[in-house]
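Please prepare a briefing on the structure shown below, with its helices, cores and surface features grouped by topic.

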Amino acid sequence: TKTTKIFFIILATLFALHTFGMGYRWVLSGHAPWSNIYETLVYISWSAVFASVIFFRKSLLALSAGVIIAGIFMFTAHLTDVDPQITTLVPVLKSYWLTIHVSILTASYGFFGLSAILGFLT
């Protein structure tokens, strides 16, 4: 329907801005944006929306659930004592392969959160 398309366009625009923000943070810090709690929460919310966009073709509920999960993680990232300051990279994360491992593992939390919400809603 027309309303669904409008909301999808809004979500796609916000997702693109979120992606740009994470990329910009990566450029500013010089390392991948999942090295502290704030960046991890923002990255998990990004991966939840990414997962919901992937599964959107099968279910509109998946898109809605992804927004709910992203909202929960963004709420947690911005309304607690989590410091959003860009910090130096801890030595254990300076490995190339460990960075890949951490990115995939952390992104899986968004997919898992989406699956959990879909399980509760259906």
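Which residues make a nonpolar surface patch of about 500 Å²? The patch is made by Ile6, Phe7, Ile10, Leu14 and Leu17, where patches consist of residues with over 30% relative accessible area and no salt bridge, nonpolar side chains (Val, Leu, Ile, Met, Phe, Trp, Tyr) being joined within 5 Å and like charges within 9 Å. Accessible areas come from the Shrake-Rupley method with a 1.4 Å probe, and for residues only the protein chains shown count as cover.

This is a predicted model, in which local features need pLDDT of at least 70 and side-chain atom pairs count only at pLDDT 80 or more, while totals for chains, interfaces and linings use all residues. Residues are numbered from 1 along each chain as its sequence is written, and side-chain values use heavy atoms, with hydrogens and water left out.

**Helix 1**

- Helix 1 covers residues 2-29, helices being DSSP runs (H or I, at least four residues) and strands likewise (E, at least two), numbered from the N terminus.
- The 28 residues of helix 1 should span 40 Å at 1.5 Å a residue, and the end C-alpha atoms are 41 Å apart, which agrees; the expected span is 1.5 Å times one less than the number of residues.
- The buried residues of helix 1 are Leu11, Phe15, His18, Met22, Arg25 and Ser29, where buried means under 20% relative accessible area, exposed over 50%, and partly exposed in between (1.4 Å probe, protein chains only).
- These buried residues pack against helix 2 (37-55) and helix 3 (60-78), contact meaning heavy atoms within 4.5 Å.
- Leu17, a patch member that lies in helix 1, is exposed with a relative accessible area of 52%.
- Leu28, also found in helix 1, is exposed at 52% relative accessible area, and its C-alpha is 28 Å from that of Gly66, 38 residues away in sequence.
- Gly30, which follows helix 1, has a positive phi, near 85 degrees.

**Nonpolar cores**

- The largest nonpolar core has 17 residues, and those with the most contacts inside it are Met22, Trp34, Val42, Tyr43, Trp46, Val49 and Ala77; such a core is a set of buried Ala, Val, Leu, Ile, Met, Phe, Trp, Tyr and Cys residues joined through side-chain atoms within 4.5 Å.
- Helix 1, helix 2, helix 3 and helix 4 (96-121) each supply at least two residues of this core, and helix 2 gives the most to it, with six residues.
- Ala77 is in contact with Tyr38, Leu41, Val42 and Val82, when neighbours within four places in sequence are left aside.
- A second, separate core of six residues includes Ala51, Ala65, Leu114 and Ile117.

**Salt bridge**

- The count comes to one salt bridge, defined as a side-chain nitrogen of Lys or Arg within 4 Å of a carboxyl oxygen of Asp or Glu.
- Arg25 forms a salt bridge with Glu39, the closest N and O atoms being 2.8 Å apart, and the pair links distant parts of the chain, with Arg25 in helix 1 and Glu39 in helix 2, 14 residues apart.
- Arg25 is buried, with a relative accessible area of 16%, and Glu39 is buried as well, at 2%.

**Loop between helix 3 and helix 4**

- Leu93 is found in this loop and counts as buried at 16% relative accessibility.
- Leu93 touches Ser35, Leu98, Thr99 and Val102, not counting residues up to four places away in sequence.
- The C-alpha atoms of Leu93 and His31 are separated by 9.4 Å, although the two residues are 62 residues apart along the chain.
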